[in-house]
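Please keep the sequence and the structure at hand while reading.

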Amino acid sequence: MRIISTEILIWILLLPLMGALFSYAVGKWRQGLCGWLATGAAAATFGVVVGTVLYLPSGATLEQQLYTWVALDTLSVSFTLRFDRLTAVMALVVSGVGTLIHLYAIGYMAEDPGRPRFFSYFNLFLFSMLLLVLGGNLLVLFAGWEGVGLCSYLLIGFWYDHLPNAAAGRKAFVVNRIGDTGFLAGLFLLLHYFGTLDIALLESVFSGDAGLLNLIAACFFLGATGKSAQIPLFVWLPDAMAGPTPVSALIHAATMVTAGVYLMARLHFVFSAAPALMLLIVIIALVTALIAALIALMQNDIKKVLAYSTISQLGFMFMAAGVGAYGAAIFHLVTHSFFKAGLFLAAGSVIHGTKNEQDMRRLGGLRKYMPWTFAVYLISAVAISGIYPLAGYYSKHAIMEALAHSEQYGVLDLPEIFSTMAAVVACLTAFYITRSLMLTFCGTYRGEGVVHESPLVMLLPIGVLALLAVSGGIWLERVLPLYLGDPWPQPSGPTGEVSFFSALLHSWPGILGMLGGYLCYSWCSGWPAKICCALPPLSRLIEGKFFIDEIYAAVIVRPLEASARALWKFVDRGLIDGSLNGLAWSAGMCGETLRRVHTGKINHYALFIFAAAVLITVFGCGR
Amino acid sequence: MFDIFAVLPWLKSHLLSGLIFFPALGCVAMLCPVFGHCTNPCGRRARRFSFLLSLVPLVIGALLFWQFDPQIGGLQFEERTTWIASFGISYHLGVDGISLFLVLLTAVLIPLVIVNSAAIGASTRGYMACLFFLQMAVFGTLLAQDLLLFYVFWELMLVPLFLMIGLWGGKRRIYATVKFVLYTLAGSLLMQAALFYAVWSYYAQSGEVSFALSDLMHLKLTFREESWLFLAFALAFGIKVPIVPLHTWLPDAHVEAPTGGSVILAGVLLKMGIYGFFRFGFPLFPRAALEYAPYLAALGVVGVVYGALMAWAQTDIKRLVAYSSVSHLGYCVLGLSALSVMAAGGVIFLMVSHGLATGALFLIVGVLYERRHTREISEYGGLAAKMPVFAFCFAVATLASIALPLSSGFIGEFLTLAGSFERFPVLTITALLGVALGAVYMLTLYKRVMFGELDQEKNGKLEDLHLRETAALVPLVVLIFWLGLFPQPLLERTEVSLRQYCSQIMARAAYLSGFRSSGHGEAL
């Protein structure tokens, strides 16, 4: 690996940071400007990233060492930014999709008085996310990692006067924080055993006994489950939909939540050295994908459907990473950012056009009123279902291939089990997304008021995203494996040479799911209810989201809170303070009692003297 | 670089005395009846005068910072005069990498407190006198290299805080002061007894009386003696820190103290306990310290988790912040016990960062209290819309408190935990619980105070930060970010001192262990 030092990388960070500062300052002065300023900063960042990518020579890494951040004793952390091909892909997605969503947000947030704050946070998010992908040192990466968490917190609770929004933000932060303790523990372990946190250096010295390596990988995976909403820490993402829809699209679909996948790809040498953990990751990812897809089947809030869908798709990425196909994971990350951002922004367009209606039971028939939005949603839905030749087909197929070629484990035919389950999830994906499509855009409008199509400033970005969702797979499939190259290769799957029909055949789960969804919500609209009635326990379980929030509340949150209160009441106030005050009180009482002896009456004193004399005589002589 | 000491050579040898002298001067001036006629009822003149005077220690502190040589591990800017010759007591001051930043923290916090103490009103002069007296005592405690001198300043620290809480405090101020003073005094008296025992042993060994730290460091004690003395010192310092379960004076004192008192108490006074361990507890009794370090570390971790849980259970903002201090100081105890350069450096950084963040938090509570005269969390809600600047400052202090990267709290916490991990891996991982819980209680507080609807009628009229309050909070916010981004100026000034400190303790402990095994120690 060739390292070329450069001065350009800092601008990738400075532009959005300055954007954050200026859009707030200017926004206070002239509200209309802040959105354009922030979008300009995002676009400029994208420009610099593109320039850097074009400049990046093959097989080389650009590096910029800013300064020594923390150095004490054996620890030395320099503020290093690195730009290799993995970073290039991530930075392109973050700044590219980010710019589109910024543009969209100008329209979406047009009437919100808090715009300066919104765009400032939005730019700050870009800064943090780019810091995350540029960080060449794990501590710098962690700074970005926490920074995106902070922005997510601030933006989920953007409309903070409504308390549930603020609560959702706090939940997101706290759940992420639990994952971050794992990240921190991993950092301590790395520092203790390898003495450095520089990723490139670590890669060259990383070895040790299996237990330790599994432990280190497990620590970082815990961090990844928090950020990327996998079991057991996925509960925050559905609540995060309380934020404005552009936030859901950018942070909670396209970029931030994929940070865990990026972390696995970046630390591929750590994870590949922990085969036992990798198996666990695949299993967790499969179960997460399945559970989330099942829950998405019965959600009525269009954004919640998409949120669970995101969890499920992230599960796909982790499956791929778990079998070592980091390239396929990144591929799906990229295509997912296209079609999921498209879906979210189309949903946002619906919410915008119907004056904040998110409940699909009060939507419907919007195809007539919002044809462009409908078109984008349809294209993105077909893409996410994995139907040839749209983007989702290629990346999902790459993951399926990777699963099918994964290693056997004892007598279990794991590849077979994995790919079957993944196919089932893919089928469910197509079904729930078609359901949301049908409920929102087909039939008749069940809500009230006038519906209008969104303005051009919103339609333009989603149009671009739809184009990417259509074509992204075709060209990325040719470009990406070659581009990413060695550490993040893609498994050799069917390339562009496959015939049209066999490709269609390979997209059977998607076609089946979409067909089922179409039938269930058009001709045979009584079926879903009948199925629910036929399986009451299962449908209640799914409708209740497997009661995971309730279980966490009952098993962890409430006992902990109750024990905090009990400790406060009984130990702090009761035991410690009680015994101290008791001590003080008893000292006071002793004094009070002894004070009574001093009566001031001469005959009492004479009695005491006499008694003392008797006692002394008795005991003195007795000896 | 311009070398001011070349121009004014006497300055270098009297710089530290200046740190003690100017606050003392301020105290006297404030109490002086001559100044009586020039104070107006709202105390503005007294406040202005005090503010200007409090800038002198800040300037001296800045001078110390620039002129401090990071390559020297030992004391710098030393001053030594015999005080009571027959008892070997001297006025010996010095500063090294361990104490330098606590000195600076104190010098920074006092002017900010003065700026922000408009609510005191007519009795401002007395209040300022207390603040100056406190500053003097803190500087003395940090700089003293003679145990008696240290002890005098250590006890003097109690007086002004006693007065501040007792005179300017809340409803239960008498209970709080008595509890605070008795608690602290109980510990200090034990320390005094231990101190005299150590001096007496030194006399028995060398035939001369000395209270000098540098002499007493060569004391040879049996392990049992060392253990008892260490425990006595540890009790005094542990109460000050405070280490759970000796902490219950702190929430009461904080809740009742006026804003300025709370800022100094949390910002500076608690750290005196940790500093005491650094300067005296560990170096004087290295064997016992090493022996008991795991227990101390365990208590620290208990403090981290317990303090966090307690903070979560509170309904009073100030009490919550007070318990968060218990939790944060728990990290310091853990790092202190690890006795590695990284952990110790982390502890010093964390102390400074905690002083800035918690100082800011107490100022913030003070802002709310002055407007609404209540500290109940449930009385607030939805303030963010009304007070945007306040919301920003509160958010920064909160984030520093939960140690978000690029704020100062992160560097301190990370170094402390990473350094402790090498010695106490299990305890350190347990302490990470506190990291998660910290986010819970701080964000819950922020949510309940700042977010939601503005449903209380009285909150509708709240004003955003006044100029004076902004002026007090902005420097803290800037420092929090500055130290988070550029911790190196601090770390590089502590590193050599800490390296020397750690190796010295290890070497002494090893030497004393060898000494005991050869049998000489028992003969003492």
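The sections below begin with conventions and then turn to the model itself.

## Conventions

This is a predicted model, in which local features need pLDDT of at least 70 and side-chain atom pairs count only at pLDDT 80 or more, while totals for chains, interfaces and linings use all residues. Residues are numbered from 1 along each chain as its sequence is written, and chains are lettered from A and ligands numbered from 1 in the order in which they are written.

## Fold of chain B

Chain B has 21 helices and two strands, where helices (H or I, at least four residues) and strands (E, at least two) are DSSP runs numbered from the N terminus. Its radius of gyration, taken over C-alpha atoms, is 22 Å, close to the 24 Å that the globule rule gives for 524 residues, so chain B is as compact as a globular protein of that length; the rule is 2.2 Å times the number of residues to the power 0.38.

The C-alpha trace of chain B spans about 75 × 55 × 50 Å along its principal axes. Of the 524 residues in chain B, 60% are buried, a residue being buried if 20 or more other C-beta atoms, placed from the backbone, lie within 10 Å of its own.

## Contact between chains A and B

The contact takes 38 residues from chain A and 38 residues from chain B, with two residues in contact if their C-beta atoms, placed from the backbone, lie within 7 Å. On the side of chain A that touches chain B, β2 (60-72), α5 (138-156), α6 (163-194) and α25 (548-597) of chain A each supply at least two residues, and the largest share, 14 residues, comes from α6(A).

## Nonpolar core

The largest nonpolar core has 425 residues, and those with the most contacts inside it are A:L130, A:M319, A:A320, A:A329 and A:I399; such a core is a set of buried Ala, Val, Leu, Ile, Met, Phe, Trp, Tyr and Cys residues joined through C-beta atoms within 7 Å. Helix α15 (residues 341-372) of chain B gives the largest share of this core, 20 residues.

Leaving aside residues up to four places away in sequence, A:I399 touches A:F316, A:M319, A:A320, A:A325, A:A328, A:H332 and A:A422.

## A helix pair in chain A

The axes (lines fitted to C-alpha atoms, for helices over the stretch in contact, with angles running from 0 to 180 degrees between N-to-C directions) of helix α18 (residues 391-404) of chain A and helix α20 (residues 456-484) of chain A come within 6 Å and cross at roughly 45°. The contact joins A:A391, A:Y393, A:Y394 and A:S395 of α18(A) to A:A469, A:G472, A:G473, A:L476 and A:E477 of α20(A).

Terms used
Buried ≥ 20, exposed ≤ 12 C-beta atoms within 10 Å, placed from the backbone.
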